Amino acid sequence: MPAEEIRVAIKSDQDIVLARQKGRAMAVELGFSTGDATLIATAISELARNILSYARRGEIALQGVLGSSRVGIRVVASDDGPGIPDIQQALRDGFSTSGSLGLGLPGVRRLMDEFEITSQPGRGTIVAVKKWRQ
Ligand SMILES: Nc1ncnc2c1ncn2[C@@H]1O[C@H](COP(=O)(O)OP(=O)(O)OP(=O)(O)O)[C@@H](O)[C@H]1O
Ligand SMILES: [Mg+2]
């Protein structure tokens, strides 16, 4: 179990690629299948893309976690951006304020096992997700 938390500052497209790669590598190191590692990497990309699109900058933190009898990965995406006024709406398939597909957040929710979102308008957004190894 890698004890080390990995934090990737997000402020450019390259940082999204880096966060995705680091997440994939950590998932493989934790023993996730390559298929699940790819799903985790996809969730990280979506969260990092949202940071860049809506908050301009923020951070992705990655950490291995130990449940009572299982191993997982936790991803926390945080930013000090504009926040999300209506979280229920933002989680709906097809809702987008940028004319995009509006599938990012609901997709991340489906890809991961646990999903928590906290946001305060004007303060920022934290999306914390976990996936457990099969
Ligand atoms: N970090 C964030 N800060 C502020 N608003 C956000 C953030 N992440 C998401 N949102 C808001 O939630 C909406 C839904 O996000 P979601 O990722 O599901 O869709 P999208 O980014 O619009 O489209 P897609 O991800 O499919 O390209 C966004 O349009 C945006 O208004
Ligand atoms: Mg998105």
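Predicted model: local features only at pLDDT ≥ 70, side-chain atom pairs only at ≥ 80, totals over all residues.
A polar contact here is a pair of N or O atoms within 3.5 Å. Ligand 1 sits in the largest pocket, and the shell around it counts 19 residues.

**Polar contacts of ligand 1**
- Asp79 uses its side chain, with a polar atom 2.9 Å from a nitrogen atom of the ligand.
- Glu46 also works through a polar side-chain atom, this one 3.5 Å from an oxygen atom of ligand 1.

**The shell around the ligand**
- Tyr54, Ser96, Thr97, Ser100 and Leu103 are the closest of the surrounding residues.
- By type, the shell splits into eight nonpolar, nine polar and two charged residues.

- The largest pocket comes out at a volume of about 640 Å³.
- Its lining runs to 31 residues, and those closest to the pocket centre are Asn50, Tyr54, Ile84, Thr97 and Leu105.
- Two or more lining residues come from each of H2, strand E3 (71–79), helix H3 (87–90), H4 and strand E5 (124–132).
- H2 gives the largest share of that lining, with eight residues.
- Sorted by type, the lining of the largest pocket has 15 nonpolar, twelve polar and four charged residues.

Notes. Residues numbered from 1 in each chain as written. Chains lettered and ligands numbered in written order. Heavy atoms only, no water. Near = heavy atom within 4 Å. Polar contact = N/O pair within 3.5 Å; in protein donor to acceptor, adjacent residues only side chain to side chain. 1 Å grid on protein atoms, 1.4 Å probe; cavity = no way out; pocket = protein on both sides within 12 Å on 5 of 7 lines; lining within 4 Å. Sits in = over half its atoms within 2 Å of the grid points. Nonpolar A, V, L, I, M, F, W, Y, C, P; charged D, E, K, R; others polar. Points joined across faces, edges and corners; volume = space filled by probe spheres on them. Helix = DSSP H or I, 4+ residues; strand = E, 2+ residues; numbered from the N terminus.
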